[in-house]
Amino acid sequence: MKTLILLALAGLGAQLVDGSLGMAYGVTSTTLLLAIGTNPAAASATIHLAEIGTTLASGLSHWKFGNVDWRVVAKVGVPGAAGAFAGATVLSNLSTEVAAPVMSLILLGLGIYLLVRFTLRGIDRRNLGKPVRKRFLGPLGLVAGFVDATGGGGWGPVGTPALLASGRMEPRKVIGSIDTSEFLVALAASLGFLLALGSQGIDFAWVAALLLGGLVAAPLAAWLVRHVPPRLLGSLVGGIIVLTNSRTLLRSDWIDASDPVRYAVYAVIYAVWAAAVAHSYRQYRKDRAQESADALAAEAARLAEDLHSPDAADAADLERSLRAGRPADPRD
């Protein structure tokens, strides 16, 4: 029962992160499942089965609020489904001894990417409004889908930043379209795992717990994104993923590091993580101050323009005439 509660909380937390950033549900959940000793292929299968429900709910919500570009969903989702099916097949045929460090290595790379990207850059909005290139979406979906299935997550970390960086869509439509198309990816990956593994190693009670937590978190994500800066949240989640998967790799047969080496690496990661979170918070405060200053400058410019407009001059003349006790129109 304690495990189910933990998984429900993990699903809730992962969905809160995903709903705020447009990424990291699979990466966060898979990292937690691996940490409690789940088979890598079974962990990815469990996550993707739960994501069928969470992505459907998320997609419907985004569609209701007009955050979905259906052309992008089709062009990136169908190749993504193909890549996810292939990735599920590859992971299912790897032994646990090989798959565990391979998956941790992929997750570590994604965690480093999240940590660096959100610490140093935040969300890039410089090139919004340009059309999405067709030849860009197909390969992006294929790669993101394959990484998502083999790493237990990666559709959002690969797809969302790539579309944001391309500058072809509004951020809200990037997140809405990626979240909606992830339903196809989760469905294809789940099918691939079930065909390759059957139900071996998949605990459907775990799937239900993750799904329940994700469904509860879906409406809360809207609240979270308004109160927790995405830049800060990205740094926090990236650090957790880096730390957890570094621990798995250092203890694997690939490295088998001694205790002093492991503790030294952990200390460095903690120090870098703390510095990254502090930097993200400072930059968030700086960006907010700059945005406030820009808003005040824009409002001052608007008021100055209004004061110099003909309507403002007429209003001033009328006010002076009324104060002088004479008609406003000299022809009367």
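Is Leu60 buried, partly exposed or exposed? This is a predicted model, in which local features need pLDDT of at least 70 and side-chain atom pairs count only at pLDDT 80 or more, while totals for chains, interfaces and linings use all residues. Residues are numbered from 1 along each chain as its sequence is written, and side-chain values use heavy atoms, leaving out hydrogens and water.

Leu60 is partly exposed, at a relative accessible area of 49%; buried means under 20%, exposed over 50%, and partly exposed in between, with a 1.4 Å probe and protein chains only. Leu60 belongs to helix α3, helices being DSSP runs of H or I of at least four residues, numbered from the N terminus.

Turning to packing, α3 (residues 40-64) meets α4 (residues 70-92) at about 170°, the axes being 11 Å apart. Hence α3 is roughly antiparallel to α4, a term for angles over 145 degrees. On the α3 side, the contact (heavy atoms within 4.5 Å) involves Pro40, Ala41, Ser44 and Trp63, and on the α4 side Trp70, Leu91 and Ser92.

Finally, the largest nonpolar core has 45 residues, of which Leu163, Phe193 and Leu210 touch the most other members. Such a core is a set of buried Ala, Val, Leu, Ile, Met, Phe, Trp, Tyr and Cys residues joined through side-chain atoms within 4.5 Å. Apart from it lies another core, of 13 residues, including Leu115 and Trp273.

Definitions and conventions. Axes fitted to C-alpha atoms, helices over the stretch in contact; angles between N-to-C directions. Helix = DSSP H or I, 4+ residues; strand = E, 2+ residues; numbered from the N terminus. Parallel < 35°, antiparallel > 145°, perpendicular 65-115°, else oblique.
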